[in-house]
Amino acid sequence: MERENIIDICGDMLGQEVISRKSGYIETPNYPSYYPPDIYCTCNLTLTERNSKIVLTLIDLELEGYSSGVCLNDWLEYTLPGQNWGSGHRLCYNDLHNSTSIIAPSIQLHFKADTKKEARGFWLQYQGKWPLS
């Protein structure tokens, strides 16, 4: 797999740049090694063509701090159109079997790691889908 198709969610290229690839991968820093402590990163995925959708598929997910269905320390949150940060769905260690694919016209990703123990992180695939003409 070519590294140019993989985006680090905390990488510099996600600042104000628009990434025009129709598909690719997003991962945590250092994946599959442990991500660094005390970070917060965000990434916006948006398609501009009418009736198009983004398919986001989690391939691997291991984050620190999951207990009784709550993400306590580190988490990946996705928000859909109309949702604010903090009101989306948070994913952490064993959520992978519950949330494998997300389909929406735009998706905002938030990754937060505290100063405690770290883990492997995540690797996900994004793909644009357009309606048939």
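## Ground rules

Buried means under 20% relative accessible area, exposed means over 50%, and partly exposed lies in between (1.4 Å probe, protein chains only). This is a predicted model, where local features need pLDDT of at least 70, side-chain atom pairs count only at pLDDT 80 or more, and totals for chains, interfaces and linings use all residues. Residues are numbered from 1 along each chain as its sequence is written, and side-chain values use heavy atoms, with hydrogens and water left out.

## R120 and its two partners

Let's start with the charged pairs. The structure has three salt bridges (a side-chain nitrogen of Lys or Arg within 4 Å of a carboxyl oxygen of Asp or Glu). In one of them, D60 pairs with R120, with the closest N and O atoms 2.7 Å apart. D60 sits in strand β4 (residues 53-62) and R120 in the loop between β10 (106-113) and β11 (121-129), so this pair ties together parts 60 residues apart in sequence. (Strands are DSSP runs of E, at least two residues, numbered from the N terminus.)

R120 also meets E62 in a salt bridge, at 3.2 Å from N to O. E62 lies in strand β4 too, so here the linked parts are 58 residues apart in sequence. As for accessibility, D60 is buried at 15% and E62 is buried at 16%, while R120 is partly exposed at 25%.

## R90 and E77

Over to R90, which bridges to E77 with the closest N and O atoms 3.4 Å apart. R90 is in strand β8 (residues 89-91) and E77 in strand β7 (residues 75-79), so the pair ties together parts 13 residues apart in sequence. R90 counts as partly exposed at 31%, but E77 is buried at 0%.

Note on methods:
Helix = DSSP H or I, 4+ residues; strand = E, 2+ residues; numbered from the N terminus.
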